[in-house]
Amino acid sequence: MRALLTIALLVISLGAGYALAQQSARPLPKWKQEFQRARQVWDKGEAERALAVLEKAFALAPDDTARAQIAFRYADWSHQLGQYDTATRWYSKCITLSPPGSDLIRRAREGLNALPRARPVPAYPVPPATTVPPWTPAPADEVRMFPSLAVLFAVSLLVLLMLLQWASGWRREAFFAQVVLSTLLAGAVTMMVPLGVILLSQRFSPQPDDWVAGILTIGSIVCMAFAARTWQQGQLLRATPLTRLRSASHGFLKVRGVAEAAFGVLTSQVGNISGIYLSEISQRYVRRTETYYDSQSKRWKTRTVHRWETIYSFTQGVNFLLDDGTSKAIVEVDGAEFYPEHVALFYNYRPVRSFRWFASVGDVRTTIRYIPPNATVTVWARYYERDLPGTERDEMRLQYDRFHKCMVVLEGNESKVYTTRSGTGLALAVLGVLMLLGVIFILLNPGAVSGYINTY
Amino acid sequence: MAGISTLAIVLFIIGGVLVIWVIAAYNNLVHLRGQAQRAWANVDVVLKQRWDLIPNLVETVKGYAQHERQMLERIAELRAVALGAKDRKERIQAEQEASRLLGNIIVWGENYPELKANENFLQLQRTLADLEEQIADRRELYNEAATNYNVYQKTFPAVLVAQSVWAAEMPLFEAAPQEREVPKVQF
């Protein structure tokens with residue numbers, strides 16, 4: 001039975017491989033080869049020759065859709081070369097040849113509008129009111145790819161399922177989880193194939209839409225992942241109960257007590273403030289002359305700006321001893337996230353309650369956030385004990401938890417930690433959703449980004 | 001073509017992230033499992049040392065404590081069960097019962113003045129107390145590592161990987177039912 005299944009899998013795999021090979025090995029039509037060659041020549045900087053190759057491709061093109069595509073490219077390059085009359089002529093040609101409702105018409109019209117106003121824009125035929133939906137069918141090649149992808153998905157699913165069954169010792173009770181995992185992985189592998197096929201067939205010339213969609217997809221995934229992690233950490237911090245050090249056992253816990261500066265303190269540069277944690281930033285108000293590009297007049301200009309520039313910044317914490325009334329533990333602050341409550345403000349090195357609204361050039365403002373020695377702090381961290389050499393006593397320690405990727409030292413109200421996490425998580429999730437919507441918009445409106453770039 | 005290539009890029013990224021996600025989950029699972037196994041090995045070393053003391057202890061005690069013969073036989077049985085245990089859960093149960101009985105034997109020593117004066121018994125008492133302390137320390141580390149592994153096994157997508165390849169929760173050292181009972185105090 002297993003042997004038959006293996007042979008069947010092998011035959012299906014070979015079939016799928018052959019279909020994909022056929023897909024990628026099919027030669028391109030002559031006009032398309034010339035069209036691609038023109039791009040290569042253009043990329044080398046031989047503009048006039050590239051235009052000549054495009055003319056040849058135009059002559060070889062089998063239908064109006066292909067000619068419209070070439071005409072648009074010709075117009076775009078002429079536009080870039082400053083040959084506005086030629087560009088106008090080819091944009092018009094593109095509009096005439098494009099099928100009604102095509103995106104090329106919109107882009108060609110945008111190109112025409114972007115030409116310098118001094119040049120009279122000749123009348124061009126306005127496409128008739130669309131009676132057909134504004135959708136262009138996918139080229140035949142792409143449509144033919146789907147059966148091959150379906151076969152590939154099925155083959156990957158079966159192969160993965162067999163592998164997992166084999167790895168688990170043919171356990172029946174694991175079958176459901178194995179089907180779900182195989183489907184997930186087979187789906188992922190199949191998703192990656194179309195780009196591979198396009199790359200193999202050498203028809204891939206990334207457009208601005210592709211870049212933007214790719215960057216937005218990555219951004220969306222990263223934002224969602226960080227939002228999920230922040231939310232998880234928030235839940236963990238909220239759910240961890242307060243523990244007494246005397247009855248603590250190894251693992252992640254929450255302890256509240258007095259922070260004793262047993263391993264020294266940090267002292268600020270301004271004001272000589274001492275603390276077990278210190279975050280100091282000094283900024284000077286300066287006047288700068290900047291050069292910038294004005295996109296309206298398309299010229300470089302200069303302007304004078306006033307702003308606060310950071311001249312000194314320092315953030316650090318030192319290990320301390322936490323006394324919760326039942327026992328004492330050493331807190332190793334490496335990797336910890338601090339939430340201090342104390343803030344000291346200095347203006348021109350003098351303590352102030354708040355900063356002034358107006359500043360003069362040369363003014364210096366300093367903000368120091370700190371946790372003073374003997375402050376009451378709450379620590380979320382991993383608790384462990386270490387043998388003290390030469391004694392029968394154990395040393396209690398709190399450190400960064402590698403499993404939960406978390407350690408927090410908080411001075412003041414606990415809600416600060418939860419609010420910060422909820423806010424950050426929500427902001428990241430919203431950003432991720434917005435990016436995802438951007439990707440969907442680009443997928444539903446091909447050429448939207450290119451059109452926008454051409455317009456501006 | 002532009003629309004298709006955009007879709008291909010988006011699908012490629014999503015597919016790639018899914019594959020990386022599953023691989024990372026598998027690697028984390030293996031890492032945590034390794035940590036829990038190492039923690040168990042550390043407990044095991046001390047438990048074996050304790051079992052090595054048992055024949056000596058039984059030999060020393062049995063001349064004095066004739067009435068607790070049944071208990072001594074039970075310890076000898078537990079030793080056989082623990083050393084031949086098929087899985088970790090069975091082993092942990094045997095070890096926990098052994099800890100309780102050994103504690104009782106040490107307490108009985110107080111009731112027999114001759115035994116209390118026996119140098120060999122006193123030495124064994126000290127070694128056992130030391131080993132029990134070591135076991136308690138290492139048991140906490142094992143419990144932490146096993147809990148991390150068990151919790152991670154239940155998160156997505158690790159749950160799929162764990163259930164597909166091996167689905168075994170690590171047992172923890174927990175208080176025995178008789179240890180959970182509230183002691184009755186009478187005046």
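This is a predicted model: local features need pLDDT of at least 70, side-chain atom pairs count only at pLDDT 80 or more; totals for chains, interfaces and linings use all residues.
How many of the 19 residues of E5(A) are buried? The count is one, and the strand is hardly covered.

## Composition of the chains

Chain A contains 11 helices and 14 strands. Of its 456 residues, 29% are buried. When contacts in chain A between residues at least 6 apart in sequence are taken, 67% of them join residues at least 24 apart.

Chain B has seven helices and zero strands, so its order of elements from the N terminus reads α-α-α-α-α-α-α. Buried residues account for 31% of the 187 residues in chain B. For contacts in chain B between residues at least 6 apart in sequence, the share that joins residues at least 24 apart is 72%.

## Strands E4 and E5 of chain A

Strand E4 (residues 277-294) of chain A pairs with strand E5 (residues 299-317) of chain A in the antiparallel sense, and the pairing extends over 18 bridges. Two of the bridges can be located by residue: A:Glu290 has A:Arg303 of E5(A) as its bridge partner, and A:Gln283 has A:Thr310 of E5(A). The two strands form a hairpin, with four residues between them. In the turn of this hairpin, A:Lys298 has a positive phi of about 55 degrees.

E4(A) also pairs with strand E11 (residues 364-371) of chain A, again in the antiparallel sense, over eight bridges. Here the bridge partner of A:Ser279 is A:Arg369 of E11(A).

## Helix packing within chain A

Helix H2 (residues 30-44) of chain A packs against helix H3 (residues 47-60) of chain A at an angle of about 170 degrees, and the two axes are 8 Å apart. Because of that angle, H2(A) is roughly antiparallel to H3(A). On the H2(A) side, the residues that meet H3(A) are A:Lys30, A:Trp31, A:Glu34, A:Phe35, A:Arg37, A:Ala38, A:Val41 and A:Trp42. On the H3(A) side they are A:Ala47, A:Arg49, A:Ala50, A:Val53, A:Leu54, A:Lys56, A:Ala57 and A:Leu60. By class, this contact of H2(A) with H3(A) comprises 11 nonpolar and five charged residues, with no polar ones. Residues three or four places apart on an α-helix point the same way, because there are 3.6 residues a turn.

The crossing of H9(A) and H11(A) is right-handed. H9(A) contributes A:Pro208, A:Asp209 and A:Val212 to the contact, while H11(A) contributes A:Ala448, A:Val449, A:Ser450 and A:Ile453. Divided by class, the residues of the contact of H9(A) with H11(A) are five nonpolar, one polar and one charged.

## The contact between chains A and B

Between the chains, 32 residues of chain B are in contact with 41 residues of chain A. On the side of chain B that touches chain A, two or more residues come from each of helix H1 (2-62), helix H5 (119-153) and helix H6 (158-165) of chain B. H1(B) gives the most, with 19 residues. By class, this side of chain B has 20 nonpolar, nine polar and three charged residues.

H6(B) is mostly covered, with six of its eight residues buried. These buried residues are B:Ala158, B:Leu160, B:Val161, B:Ala162, B:Gln163 and B:Ser164.

The packing partner considered here is helix H8 (residues 175-200) of chain A, which lies at an angle of about 130 degrees to H6(B), the axes being 8 Å apart. At this angle, H8(A) is oblique to H6(B). The crossing of H8(A) and H6(B) is left-handed. In the contact, A:Ala177, A:Gln178, A:Val180 and A:Leu181 of H8(A) meet B:Leu160, B:Val161, B:Gln163 and B:Ser164 of H6(B). The contact of H8(A) with H6(B) divides into five nonpolar, three polar and no charged residues.

Definitions and conventions: Residues are numbered from 1 along each chain as its sequence is written. Chains are lettered from A and ligands numbered from 1 in the order in which they are written. Axes are lines fitted to C-alpha atoms, for helices over the stretch in contact, and angles run from 0 to 180 degrees between N-to-C directions. Angles under 35 degrees count as roughly parallel, over 145 as roughly antiparallel, 65 to 115 as roughly perpendicular and the rest as oblique. Two residues are in contact if their C-beta atoms, placed from the backbone, lie within 7 Å. Ala, Val, Leu, Ile, Met, Phe, Trp, Tyr, Cys and Pro count as nonpolar, Asp, Glu, Lys and Arg as charged, and the others, Gly among them, as polar. Two strands pair if DSSP finds at least two bridges between them. A crossing is left-handed if the near helix is turned anticlockwise from the far one by less than a right angle, and right-handed if clockwise. A residue is buried if 20 or more other C-beta atoms lie within 10 Å of its own, exposed if 12 or fewer, and partly exposed in between; C-beta atoms are placed from the backbone.
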